[in-house]
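Welcome! Here is a short briefing for anyone opening this structure for the first time. Take a look at the view below, then read on.

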Amino acid sequence: MVQFITRRLLLAIPVLIGILIVTFLLARLIPGDPCKSILGEKATAEACEAFAENKGLNEPLPVQLGIYMQDVVQGDFGDSIRFSRPVTQILVERLPMTIELALVALTIAIVVGVGLGILSAMRHNTAVDVGTMVVANVGVSMPVFWLGLMLIWLFAATLGWLPPSGRLSAGAASIPFYEAWGWEVSESGFWFRTLEFISNHFIFNSIITGDWSVLRDALTHLILPAVALSTIPMAVIARITRSSLLDVMGRDYVRTARAKGGGEGRVVVKHALRNALLPVVTIIGLQLGALLSGAVLTETIFGLAGAGTMVFEAITARDFPVIQGFVVVVATGYVLVNLIVDISYAYLDPRIRLE
Amino acid sequence: MKLNPLSGPDVSELDELVREETLLERPHGLWSGAWRRLLRRKGGVTGLIIIGTIVLVALLAPIIAPYDPVLDDFIGDGDSRRRDSPCVHVLGCDEEKTQHLMGLDGNARDQFSRIVFGSRWSLSIGFFTVALAFSVGATLGAVAGYWGGHLDNWIMRIMDVILGFPALLLAIAIGASLGPGIRNTMIAIAIVSIPIYARVMRASVLSIKELDFVAASRTLGAGRLRILWTRVVPNALTPLVVISTLGIATAILDAAAFGFLGLGAQPPDPEWGAMLAAERSQIFSAPHLVWFPGLAIMFTVLGFNLLGDGLRDALDPSLHE
């Protein structure tokens, strides 16, 4: 297993390098003079010359690519045109919110989706089955932003159980774990950025520092957006689980397991489910794109300053370094998720490890 | 059929049974068979009914809608105020007041009329987006599958690159660079869905171009293009029907998201996503302005999803009982 994971990790490196090159070239293909777009339309020729010299734009393309890759590996994506701040800093602030949102949404989608799928496969052609599939069909047909608004209307406006927007209540603050533990850190550099990035995952941060009031606050704020974001993946997962399990339940070895006197629950969990889960795992891997697209809409509705709203604003404002940084991070995420999917395959189906 | 354990099956009865079966199995084409199987599925029929209703509403919009969807309703309608709740006389609303089935929007326009006219927007967005993606994607896929070699490689690698990005985000990026508006929305959404049609068409063409009737055409001396367009493509289109139906659902949903983000239809056009966006901050005070456009989007998308799933089952030969 260790050998399998190592091999997969090594195979991911050329893919990541490819992504870096494509992103770099895409940024060069965008029309317009970077000098004019950053210094303004009235920038003089001398100023532009100095600017190009300063940013290394006079070097040949391969050299620029080398410098760019060196920077990215060190976590430097350049500066945002709109905010004149390092893109890395913006990502450190915005990304954790989206990661937490997506992870919680994905967890809800998997747990509820697989559960509903099993339930409706075991009760095939009953009211439970029909009801679940109707819910799943409605789930994939609902606009995410509308569901979000409906959840706000029901749980925040009408029932008043949950907050309608934001990440934490006004006045509440998440104390970074490095401060809570009294670490001596200088307020800059790669190491500090990493610590900041980790501590901006409020849920994780409040768990390790034992700050239960912030944890509760963060969770109550996250639950509505996460539920809204989880519906489509949940419906897709439920449908795949059901059809895959129904397919497996008709196989000979399941009949054998039944004939040996295994209870229905045992037959499903021990024999059928493991084989039925392979297509489900593939689908879960493919949901990452849907989660990211959904994050833009969900974050807009719930007033969350995450990476989704960040990239939407960057696209509309032509803030290319931010878009570029986001693409690299997302692409890396894709590669990592696919890696996890492959490892789960190998766990579920030992034959894959041998290939 | 009775089974007599001593003499075996009754031969005359068996004969009759065989004759009946042959009589029942009247030969029919792929589409009439698929149509009958579709009508046997609850989901497919539900989808057909929903879409049929919406198409009717769109066609008869000027007759159904009591008010103009774009002009303000202030003039000549003294008692209606902005963002009034729905007033339906049958449901006990004061007979004195003017009836507004879905209430009034922020500009005191009758929301029911706007929803009714919105069906024209959503249906045409869905249809034209898919038509564009279908024609480009299917052509690329057919060419790639039929010619093979380098051309195939190049086309499909480009398709892979497009598929590598989260679809809606890529569409937003394209839409943002083209500028807001309904035409650009359709182009952006069509571009990101081209690879799906290309892939399905290519796979379909690959399986058909090796069949005997294509070889027969080739032997008779038909040219490559002629074989492709008259023999291969018509037979390869079946799987694309399902993809296109589901594609209309996705296109409507994505276009609504575009409208919601302010990239799609612009006010005062009665597009459902844009209507939601305009009134979303009123969720606390006038929730009816958020309910109805969302429900309209959901039912339309549901209709196409159900029909697509139904068609998939009806056209799948492995599922025929």
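Is E100(A) buried or exposed? E100(A) is buried, since its relative accessibility is 9%, where buried means under 20% relative accessible area, exposed over 50% and partly exposed in between (1.4 Å probe, protein chains only). Please keep in mind that this is a predicted model, in which local features need pLDDT of at least 70, side-chain atom pairs count only at pLDDT 80 or more, and totals for chains, interfaces and linings use all residues; side-chain values use heavy atoms, with hydrogens and water left out. Residues are numbered from 1 along each chain as its sequence is written, while chains are lettered from A and ligands numbered from 1 in the order in which they are written.

**Chain A as a whole**

- Chain A has 16 helices and zero strands; helices (H or I, at least four residues) and strands (E, at least two) are DSSP runs numbered from the N terminus.
- The C-alpha atoms of chain A fill a box of roughly 85 × 55 × 45 Å along the principal axes.
- Chain A has 355 residues, and 45% of them count as buried.
- Among the contacts in chain A with a separation of 6 or more, 73% join residues 24 or more positions apart; contact means heavy atoms within 4.5 Å.

**Salt bridges**

- Over all chains, the structure holds 10 salt bridges, each being a side-chain nitrogen of Lys or Arg within 4 Å of a carboxyl oxygen of Asp or Glu.
- One of them pairs E313(A) with R94(A), with the closest N and O atoms 3.4 Å apart. Because E313(A) sits in helix α14 (residues 307-316) of chain A and R94(A) in helix α5 of chain A, this pair ties together parts that are 219 residues apart in sequence.
- E313(A) is partly exposed at 30% relative accessibility, whereas R94(A) is buried at 15%.
- In chain B, R41(B) and D313(B) meet in a salt bridge (3.7 Å, N to O). R41(B) is in the loop between α2 (30-39) and α3 (42-59) of chain B and D313(B) in helix α13 of chain B, 272 residues apart.

**Around R82(A)**

- R82(A) lies in the loop between α4 (61-73) and α5 (87-122) of chain A and is partly exposed, with a relative accessible area of 41%.
- Leaving aside neighbours within four places in sequence, R82(A) is in contact with E313(A), A317(A) and D319(A).

**A nonpolar patch on chain A**

- W181(A), W183(A), W191(A), F204(A), I207(A), I208(A) and W212(A) make a nonpolar surface patch of about 810 Å². Patches consist of residues with over 30% relative accessible area and no salt bridge, with like charges joined within 9 Å and nonpolar side chains (Val, Leu, Ile, Met, Phe, Trp, Tyr) within 5 Å.
- Helix α10 (residues 202-209) of chain A gives the largest share of the nonpolar patch, three residues.
- W181(A) is in the loop between α8 (177-180) and α9 (189-199) of chain A, and W181(A) is partly exposed at 42% relative accessibility.

**A buried histidine in chain B**

- H288(B) belongs to helix α13 (residues 288-315) of chain B and is buried, with a relative accessible area of 5%.
- Not counting residues up to four places away in sequence, H288(B) touches several residues, including R83(B), D84(B), M102(B) and Q111(B).

Conventions: Accessible areas come from the Shrake-Rupley method with a 1.4 Å probe; for residues, only the protein chains shown count as cover.
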